[in-house]
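This note collects some points on the structure shown below, for use alongside the sequence.

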Amino acid sequence: MQTLKIHSSIGDSTIYVGESFKNVAKYIPNTKVAIITDSTVKKLYGHSFPHAEVVITLEPGEAHKTIQSLDVIFEHLVEHEFDRSSFILAIGGGIVCDIAGFAASIFMRGIAFGFISTTLLSQVDASVGGKNGVNFRGYKNMIGSFNLPSFVICDPNMLTSLGNENILCGMGEVVKHGAIAYASLFEYIENNIEQVKARNPEVFARFVHDSVVIKSNIVNKDAKEKGERRKLNFGHTFAHAFEKIQKIPHGMAVSIGMVIAAKISEKRGLLAHSEVERLINLLQALSMPTEINLLPEELFSVLKRDKKREGEAIHFVMLTAIGTSVVEKISLSELNRIIYDLY
């Protein structure tokens, strides 16, 4: 097991990479506990859940990442007389962790919480870093908070139950981390495509560890996304629009979004064409999508509502090389022209 620490302006968190989720009881405080999970995870692992006052089971999927799910959670917490000394344990993927973290952050103005991340996407990204929230009318994470869990357990054995699409969704974020900040991770993925397809546990352990190191280093510097942390949004401006319009999974949307961001980087003279091709080739080798057909006006209508917007511009992440990234403001008018050039 490897232990990684986050010490930031929004609090402290400990990530246990390689720890068994069955050992979670030793990390939970001696108080009243609510477990928040979804029906899929409960079916797989419910028999091994630690003792809790109540287990709140949500329906899986992005469609349930809503204010209505918060209402269900609060109803249970009030019914079981939870107070500010209580604890919430989320057991699930990114959606469950996002909802549970936000619920814990605002219930009675905030109670402590922890995560057991059950998917590759949540282990490498969603559960690490303190972003919590729900969607609003299809717009991604429009309502949320910055608040760190007390701990995150990343148990590699839980990844064995995942389907191929779920693995690929996580790989989108792993590729992103290599592209923005760690060229050697990107190269490691390129050299281990067959091992990814074979679900080699040692390879996935490297993905989780390196991703958590990259993200925790960035969050330690910039917890509330005022500067360096914006780099973690590489590919996400377009990805969130694709998710809203075509309802495609997050990691697949990020894959396409990264390609578009790389092409914009090239168009602005920041990135060599060979590096754009290198990114596309890796994503295609992983059987991930690299293009999508949409109406330009529909895409721009969603993009201009992105939460990274500031006035008449959006903070946009671009590459200068594989492993190096920058954040620049792109005006909405320029972004609109880019969309029409692309589509």
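1. Glu243 and Lys140 form a salt bridge through their side chains, at 3.1 Å from N to O. The pair joins distant parts of the chain, as Glu243 belongs to helix H9 (residues 236-246) and Lys140 to strand E8 (residues 139-146), 103 residues apart. Both Glu243 and Lys140 are buried. The model is a predicted one, and the distances quoted in this note should be read accordingly.

2. A second salt bridge connects Lys65 with Asp98, whose closest N and O atoms are 2.6 Å apart. Lys65 and Asp98 are both buried.

3. Within helix H11 (residues 273-285), Glu275 and Arg278 lie 3 residues apart, about one turn of the helix. They form a salt bridge, with 3.7 Å between the closest N and O atoms. Glu275 counts as buried because its relative accessibility is 17%, whereas Arg278, at a relative accessible area of 25%, is partly exposed.

4. In total, the structure has 14 salt bridges. Asp125, Glu173, Lys176 and Lys215 are linked by salt bridges into a network.

5. The open sheet comprises 7 strands in the order E1-E2-E9-E6-E5-E3-E4, with mixed pairing. Strand E1 (2-8) and strand E4 (54-58) are the edge strands, each pairing on one side only. On average, neighbouring strands of this sheet are turned by 15° against each other, direction ignored.

6. Ala34 has Val54 in E4 as its bridge partner. Helix H2 (residues 67-79) packs on the sheet and touches E3, E4 and strand E5 (87-92); the direction of H2 makes about 165° with that of E4. Helix H8 (residues 201-221) also packs on the sheet, in contact with E1, strand E2 (11-17) and strand E9 (151-154), and the direction of H8 makes about 15° with that of E1.

7. How many disulfides does the structure hold? The count is 0. For Cys154, the closest cysteine sulfur is that of Cys97, and the 9.2 Å separating the two sulfurs is too far for a bond. Cys169 is likewise in no disulfide, the nearest cysteine sulfur, in Cys97, being 15 Å away. Cys154 is buried at 1% relative accessible area, and Cys169 is buried at 7%.

Note on methods
Residues are numbered from 1 along each chain as its sequence is written. This is a predicted model: local features need pLDDT of at least 70, side-chain atom pairs count only at pLDDT 80 or more; totals for chains, interfaces and linings use all residues. Side-chain values use heavy atoms; hydrogens and water are left out. A disulfide is a pair of cysteine sulfur atoms within 2.5 Å. Buried means under 20% relative accessible area, exposed over 50%, partly exposed in between (1.4 Å probe, protein chains only). Two strands pair if DSSP finds at least two bridges between them. Helices (H or I, at least four residues) and strands (E, at least two) are DSSP runs, numbered from the N terminus. Axes are lines fitted to C-alpha atoms, for helices over the stretch in contact, and angles run from 0 to 180 degrees between N-to-C directions. Contact means heavy atoms within 4.5 Å. A salt bridge is a side-chain nitrogen of Lys or Arg within 4 Å of a carboxyl oxygen of Asp or Glu.
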